[in-house]
Amino acid sequence: LDSHQMELAIKSFEMAMHDLENLSNTEKIDLFINFGAAAELSHKNELAEKMYRKVLKIEEKNSEANLMLANLLTGNGLRVKRILHTCGLNSEEAIEHYKLAL
C-alpha cells in the first residue's frame, strides 16, 4: 500500500470505531489489531500502541497484541519487518548490511 492508500485505511478504521457497540469482542480485537498495524506502518506509533493496548483490555493474554506491542516498544515493529521482507532473495546479505549500519 502507498501512503495515500494507508491514510484511506486509517480513515476507514476511524469510522469503524464509531460503531463499537455493535461489534463482538472478537470483531473489536480484529479492528484494533488491524488499525494498530495500519497506524504503525504510517509512522503513527502512539496510535498503534493505543490500539494494541485496547485489545489487551479485552483479552489480556492475546498473543498477537502482546507481540505487536512488544515489537513496537522495542523498535522491532512492522516497518522493520517490512524492510527485511523487501530484501527478497538477498535477504541474508542485506540483513548483514543492516546490522553493520546499526
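This is a predicted model: local features need pLDDT of at least 70, side-chain atom pairs count only at pLDDT 80 or more; totals for chains, interfaces and linings use all residues.

Visitor: Fine. So how do the axes of H2 and H3 cross, and within what distance do they come?
Guide: The H2 and H3 axes cross at roughly 160° and come within 7 Å. Angles over 145 degrees count as roughly antiparallel, so H2 is roughly antiparallel to H3.

Visitor: And the crossing of H2 and H3, left-handed or right-handed?
Guide: Left-handed.

Visitor: Which residues meet there, between H2 and H3?
Guide: From H2 the list includes Ile29, Phe32, Ile33, Phe35 and Gly36, and from H3 it includes Ala48, Met51, Tyr52, Val55 and Ile58. By class, that contact of H2 with H3 has 12 nonpolar residues, plus 3 polar and 3 charged.

Visitor: OK, next pair. How do the axes of H3 and H4 cross?
Guide: Those of H3 and H4 cross at roughly 150° and come within 9 Å. With that angle, H3 is roughly antiparallel to H4. The H3 and H4 crossing is left-handed.

Visitor: What does H3 use to meet H4?
Guide: On the H3 side you have Asn45, Ala48, Glu49, Tyr52, Arg53, Val55 and Leu56. They meet Ala65, Asn66, Met68, Leu69, Leu72 and Leu73 in H4. The residues of this contact divide into 9 nonpolar, 2 polar and 2 charged.

Visitor: Is Glu49 buried, exposed or partly exposed, and why?
Guide: Partly exposed, because its relative accessible area is 25%.

Visitor: Now the loop between H3 and H4. Where does Asn62 sit, and is Asn62 buried or exposed?
Guide: Asn62 is in that loop, between H3 and H4. Asn62 counts as buried because its relative accessible area is 8%, and buried means under 20%.

Visitor: What does Asn62 touch?
Guide: Asn62 touches Ile29, Ile33, Val55 and Leu56, again not counting residues up to four places away in sequence.

Visitor: Switching to the core. How many residues are in the largest nonpolar core?
Guide: The largest nonpolar core has 21 residues, and those with the most contacts inside it are Met17, Phe32, Phe35, Tyr52 and Val55. H1 (3–16), H2 (25–41), H3 and H4 (63–73) each supply at least two residues of this core. H2 gives the most, with 8 residues.

Visitor: Why would such side chains gather at all?
Guide: In soluble globular proteins, nonpolar side chains tend to be buried together.

Visitor: Last thing, the overall layout. How many helices and strands are there?
Guide: The protein comes to 6 helices and 0 strands, and along the sequence the pattern reads α-α-α-α-α-α.

Visitor: And what share of the residues is buried?
Guide: Buried residues make up 29% of the 102 residues. As for contacts between residues at least 6 apart in sequence, 43% join residues at least 24 apart.

Technical notes. Residues are numbered from 1 along each chain as its sequence is written. Side-chain values use heavy atoms; hydrogens and water are left out. Buried means under 20% relative accessible area, exposed over 50%, partly exposed in between (1.4 Å probe, protein chains only). A nonpolar core is a set of buried Ala, Val, Leu, Ile, Met, Phe, Trp, Tyr and Cys residues joined through side-chain atoms within 4.5 Å. Helices (H or I, at least four residues) and strands (E, at least two) are DSSP runs, numbered from the N terminus. Axes are lines fitted to C-alpha atoms, for helices over the stretch in contact, and angles run from 0 to 180 degrees between N-to-C directions. Angles under 35 degrees count as roughly parallel, over 145 as roughly antiparallel, 65 to 115 as roughly perpendicular and the rest as oblique. A crossing is left-handed if the near helix is turned anticlockwise from the far one by less than a right angle, and right-handed if clockwise. Contact means heavy atoms within 4.5 Å. Ala, Val, Leu, Ile, Met, Phe, Trp, Tyr, Cys and Pro count as nonpolar, Asp, Glu, Lys and Arg as charged, and the others, Gly among them, as polar.
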